[in-house]
Structure formats: C-alpha cells, structure tokens
Amino acid sequence: APSHPPTPAHGTMPALLAPQFARAPVSLRAAKRVTANRVAVAVPLRSRNIVTFNAKATPGSTDGVGSSVRGTSTALQATRNPIVVAASSAMQVVIPGDYRIGGVLLGVAAFLGPVCHLWTQFGVHGFLGAFLTLQASRVRFRFSDTDLDVVIVDPGASDAVALEVGTESSGDNKLQGGGANKWSFESVVNWEFWFPGFPLLVYYKETQTKPEGQPHFFPVIMDGKKLYAEMLQKMPESVNKKPTLDEWNLDTAFEATKLGRSLKEKMSAEQLTQLKETTGFPGLDNLV
C-alpha cells in the first residue's frame with residue numbers, strides 16, 4: 001500500500017502557530033501608532049513659549065501638536081508628558097507676557113504717593129501700571145510662518161490657551177485703523193523696536209488695513225527678546241538696520257534714536273564703554 005506522510009497529532013499545528021497569532025494584534029496596534037511624518041523627541045518640561053501644529057486636536061491624541069518652548073525645551077500639551085511630536089504643518093509661536101513695565105510703574109506709584117505725597121502722580125502711574133499689568137496677563141502676540149495676530153486670553157491662563165482661541169477674541173482694532181488684529185508679514189513695510197536691549201515700545205506699519213499704510217504701536221508687555229527675535233526672523237527688513245540679540249546692550253538702545261545718538265556724542269570714552277557693558281534691566285531681568 002502507498003505510504004502517506006504522517007498526520008500531525010491533533011493540536012500540534014495550532015500550538016505552533018499560537019505565538020504568531022498572539023503577536024499579530026500587538027503588531028497591528030503598534031503600526032497604527034506610527035506615521036511617516038512624525039518624530040518623537042524627549043525633552044525637559046520647562047516652558048514659556050508655545051509652539052503648535054494643530055491646536056484642534058483632541059486630548060490624548062497625536063493628530064495635533066501643542067508644545068511649550070523656552071529656548072530648546074518643549075512639551076506635548078495634549079498628553080502632558082515630556083514628548084514633542086513634530087508634524088509637517090504650519091508652526092505658531094506665542095510670545096508670553098512680561099510684567100516688568102507695569103510692575104515698575106506700580107512701584108513708582110507706591111513711592112510717589114505714600115512717601116512723597118504726590119497724589120496726582122501716584123494716580124497716573126498707578127493707573128498705567130495696573131492697566132499694563134492686566135494687559136500683560138491677557139494679551140498675546142502669535143506668530144505663524146506668514147502672519148502676526150493678537151489674541152486675548154483670560155487673565156492667568158496658560159500660554160497654551162492662546163493656541164486655541166481665534167483672532168476675533170481681540171475684537172476690532174478701532175484705535176489703530178480698525179479691522180481684525182491679524183496682519184501678513186508681506187504687508188509690513190517697516191518696523192521699529194524701541195529700544196534694542198531695553199524693550200519698551202514696538203512699532204510696525206502695514207498696508208493690509210490701508211493701502212497708504214497703517215502704523216501700529218504696542219507697549220512691550222510681552223517677552224521683548226522673543227518678540228524681537230520673531231520680528232527679526234519673519235518680518236521684512238526694517239528701514240533702519242537692526243542689531244542681533246547678541247549685540248543687545250545700552251549702546252544699541254541709544255543708537256536706536258536720534259536723541260540717543262546725539263547724547264552719545266557728548267559722552268566720554270569711559271561712559272561709552274559703560275554703555276556697551278550694560279545689558280538688560282538691572283535687577284529686573286530675573287523677573288521675566
């Protein structure tokens with residue numbers, strides 16, 4: 001009689017295939033979590049600036065990216081763990097608030113009133129200080145690759161909240177030309193920063209609101225260095241040449257205005273050297 005290959009014992013094949021079947025679901029689940037356009041990098045969680053790629057993502061998903069950045073530190077806001085997922089969509093940067101100007105004005109008011117009994121000056125400085133402090137807690141400048149817009153958040157809210165709100169949150173800019181507080185970089189014809197090294201006031205002129213050009217002025221109630229870096233990188237070149245951040249000092253602040261340049265002409269060589277050696281706000285830089 002012809003011979004036939006031996007028949008495997010009952011249960012032999014299922015036992016051999018069981019590990020493969022057991023591993024298959026795990027592989028499929030892992031495959032769903034991997035996409036071609038995302039890279040995960042572990043980084044510290046200290047954060048001030050905010051970078052996002054899709055602010056409408058649901059919590060716990062990696063479809064949208066919300067990350068906090070201070071220097072090179074980032075964090076994934078959606079999952080609240082120290083991982084940032086880089087995506088190939090437009091990046092937004094939120095400039096955090098800075099309370100130093102408002103705080104200084106409040107300090108001056110406290111001195112002028114109770115100490116000097118100059119109550120009118122106390123009221124003026126106190127009002128301005130309180131107003132700028134409030135605005136610093138709620139006004140956020142937001143930079144994309146193509147536009148600058150201004151949004152409003154609740155006082156004390158995280159900078160990450162500024163990624164979720166729309167430009168309409170800041171209303172109609174009636175005081176400076178009207179219309180939405182959003183301008184394309186291509187429409188900017190000039191910008192100035194007073195003063196590089198000691199930021200107090202920012203100015204830019206754009207043709208989006210009016211063809212002849214609409215100027216805008218804002219007190220620097222946000223991180224001046226980060227604001228200057230974004231403007232220097234993304235806005236068209238200013239009419240007046242701007243120094244790099246590494247060159248910021250009291251000398252660059254004087255050079256930013258005609259009055260400052262005329263004052264420098266009357267200074268001694270020792271005083272000019274002191275200007276270049278003075279950087280930042282003495283005693284206040286650690287408050288950012």
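**Exercise 1. Surroundings of Asn249**

Leaving aside neighbours within four places in sequence, which residues is Asn249 in contact with?

Solution. This is a predicted model, in which local features need pLDDT of at least 70, side-chain atom pairs count only at pLDDT 80 or more, and totals for chains, interfaces and linings use all residues. Residues are numbered from 1 along each chain as its sequence is written, and side-chain values use heavy atoms, with hydrogens and water left out.

Step 1. Contact means heavy atoms within 4.5 Å. With neighbours within four places set aside, Asn249 is in contact with Pro196, Gly197, Phe198, Leu275, Lys276, Thr278 and Thr279.

Step 2. Asn249 is found in the loop between helix H4 (224-234) and helix H5 (250-255). Helices (H or I, at least four residues) and strands (E, at least two) are DSSP runs, numbered from the N terminus.

Step 3. Classify its accessibility. Buried means under 20% relative accessible area, exposed over 50%, and partly exposed in between (1.4 Å probe, protein chains only). Asn249 has a relative accessible area of 12%, so Asn249 is buried.

Step 4. Turn to Glu247, whose place is also in the loop between H4 and H5. Its relative accessibility is 42%, so Glu247 counts as partly exposed. Glu247 and Lys276 are 29 residues apart in sequence, and their C-alpha atoms are 9.0 Å apart in space.

**Exercise 2. Packing of H2 and H3**

Describe how helix H2 (residues 100-115) and helix H3 (residues 119-136) cross.

Solution. Two packed helices are described by the angle between their axes and the distance between the axes.

Step 1. The axes of H2 and H3 come within 7 Å and cross at roughly 160 degrees. Axes here are lines fitted to C-alpha atoms, for helices over the stretch in contact, and angles run from 0 to 180 degrees between N-to-C directions.

Step 2. The crossing makes H2 roughly antiparallel to H3. Angles under 35 degrees count as roughly parallel, over 145 as roughly antiparallel, 65 to 115 as roughly perpendicular and the rest as oblique.

Step 3. H2 passes H3 in a left-handed crossing, that is, the near helix is turned anticlockwise from the far one by less than a right angle.

Step 4. On the H2 side, residues making the contact include Ile101, Leu105, Leu112 and Pro114. On the H3 side they include Trp119, Phe122, His125 and Leu132.

Step 5. The residues of this contact divide into 13 nonpolar, eight polar and no charged. Ala, Val, Leu, Ile, Met, Phe, Trp, Tyr, Cys and Pro count as nonpolar, Asp, Glu, Lys and Arg as charged, and the others, Gly among them, as polar.

Step 6. Inspect the loop between H2 and H3, where His117 is found. His117 has a positive phi of about 60 degrees although it is not a glycine. With 54% relative accessibility, His117 counts as exposed.

**Exercise 3. Aromatic pairs**

How are the rings of Trp119 and Phe122 arranged?

Solution. A pair of aromatic rings is described by the distance of the centres and the angle of the planes.

Step 1. Rings of Phe, Tyr and Trp (its six-membered ring) pair if their centres lie within 6.5 Å; planes under 30 degrees apart count as stacked, over 60 as edge-to-face and the rest as tilted. By this rule the count comes to twelve aromatic pairs.

Step 2. The ring centres of Trp119 and Phe122 are 5.5 Å apart and the planes are at 80 degrees, so the pair is edge-to-face.

Step 3. Trp119 and Phe122 are three residues apart in helix H3, so about one helical turn separates them. Trp119, at 48% relative accessibility, counts as partly exposed; Phe122, at 33%, also counts as partly exposed.

Step 4. Elsewhere, ring pairs link Phe141, Trp183, Tyr204 and Phe218 into a cluster.

**Exercise 4. A cis peptide bond**

Which residues does a cis peptide bond join?

Solution. The bond joins Trp194 and Phe195, with omega about 5 degrees. Phe195 is found in the loop between strand S9 (188-194) and strand S10 (201-206).
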